[in-house]
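Good morning, colleagues. Please turn to the sequence and the model on the screen, and I shall guide you through some of the features.

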Amino acid sequence: MVLCTLRRQFLGTRSHCGTWARLLQRHSSNCVYSSIHDFNQEEIREKLLAFPGGSIDLLKQDSGIAVLTVNNPSRMNAFSGSMMVELEEKVTQLENWTDGKGLIVRGAAETFCSGSDLNAVRAIANPQDGMKMCMFMQNALTRLLRLPLISVAMVEGRALGGGAELTTACDFRLMSPGSMIQFVHKHMGLVPGWGGAARLVRTVGSQNALKLLAGAVTVDPELGLHIGLADGVLEAPQGAGEETLAQQAERWLSRYTKGPASVVQAVKKVVLSGRELPLSEALRTERDVFGTVWGGPANLQALASKSKHR
């Protein structure tokens, strides 16, 4: 069933014509769970909205790079129930942003995210509701990772538990000096439930993932670089006039988002299909995506200027 869902997502059926433009309008196909898995999206949304607090803020910039901010400083940017719903809503907006090229995910007030707000967690502590919350967040974060945007988590302060899982739902991670990523789930008598374990294995390998999860290891920037969890370390501004961490992160990301949005999104799509689909399916997807840019404005301009040989 999962393979069939992925085939529909990446390749499309005859009715979908295999085009990503139409696919982006069908964002529900990016979800891991639906009604066939006994998952009622509206039911869990209603329950989550009973636990308000904080916000998920989205800023779309003319550069084509958006900034998504987890904003709940009084709770170390922990996700309240309403914030989980807002995250899903903001992902929907980004799925439909045709001019988008990149995304920076960050936390407010110089810390990243401490996972779930314990007030909400205690209120939905029964296994049934816990599973539904897990499915809701797996859907949201899977869709975040599958966005046709190149994304980077800008980690300041601490990324704990679900916050650590959130970093793995981005293509890249940049850490600031003194920051840390820690999968603390074991200390809470849990394992990751928002898809963080599966994504972590794909990022750092099964042995490193086992060490991080079973040992609840604190990952600082040095260790992060060593095991491949971090893709770079930002520099602390030393005075007025120097780049802020956010400016450094945007400059770092911009090296991968130069050019037309259609081409940048096409690059993300072929990499995504190669990561998630069997080889033969990924090759057919690459063919289909190639067909959307071959002969397009960017391709014709490059041919006219013969920029390949300069």
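**A walk through the model**

The side chain of T168 comes within 2.6 Å of the backbone oxygen of E165. Please bear in mind that the structure we are viewing is a predicted model. T168 belongs to helix α7, which covers residues 162-168, and T168 is buried, with a relative accessible area of 3%.

Let us move to the loop that lies between α7 and β6. D171 is located in that loop and K268 in helix α12, so their pairing ties together parts that are 97 residues apart in sequence. The pairing itself is a salt bridge between the two side chains, at 3.0 Å from N to O. Are D171 and K268 buried or exposed? Both are buried.

Helix α12 itself runs over residues 261-276. Its 16 residues reach 22 Å from the first C-alpha to the last, close to the 22 Å expected at 1.5 Å a residue. The buried residues of α12 include A261, V264, L272 and S273.

I turn now to helix α6, residues 127-145. Its end C-alpha atoms are 26 Å apart, which agrees with the 27 Å that its 19 residues should span at 1.5 Å a residue. Why may we call α6 largely enclosed by the rest of the structure? The reason is that 14 of its 19 residues are buried.

K132, however, counts as partly exposed, at 22% relative accessibility. The side chain of K132 forms a salt bridge with that of E43, at 2.9 Å from N to O. Because E43 lies in helix α3 and K132 in helix α6, this pair ties together parts that are 89 residues apart in sequence.

E43 also forms a salt bridge with K47, where the closest N and O atoms are 4.0 Å apart. These two residues are 4 residues apart in helix α3, and are therefore separated by about one helical turn. E43 is partly exposed at 31% relative accessibility, and K47 is partly exposed at 30%.

Next, the sheet. Three strands form an open sheet with mixed pairing, in the order β5-β7-β8. The edge strands, β5 and β8, each pair on one side only. Between β5 and β7 the pairing is parallel, over 3 bridges, and R158 stands opposite M180 in β7.

Finally, the surface. Which residues form a nonpolar patch there? They are L118, V121, M188 and L190, with about 360 Å² of accessible area together. L118 is in helix α5, and is partly exposed, with a relative accessible area of 38%.

Key
Residues are numbered from 1 along each chain as its sequence is written. This is a predicted model: local features need pLDDT of at least 70, side-chain atom pairs count only at pLDDT 80 or more; totals for chains, interfaces and linings use all residues. Side-chain values use heavy atoms; hydrogens and water are left out. Patches are made of residues with over 30% relative accessible area and no salt bridge: like charges are joined within 9 Å, nonpolar side chains (Val, Leu, Ile, Met, Phe, Trp, Tyr) within 5 Å. Accessible areas come from the Shrake-Rupley method with a 1.4 Å probe; for residues, only the protein chains shown count as cover. Buried means under 20% relative accessible area, exposed over 50%, partly exposed in between (1.4 Å probe, protein chains only). The expected span of a helix is 1.5 Å times one less than its number of residues. Two strands pair if DSSP finds at least two bridges between them. A polar contact is a pair of N or O atoms within 3.5 Å; within protein, one must be able to donate a hydrogen and the other to accept it, and residues adjacent in sequence count only if both atoms are side-chain atoms.
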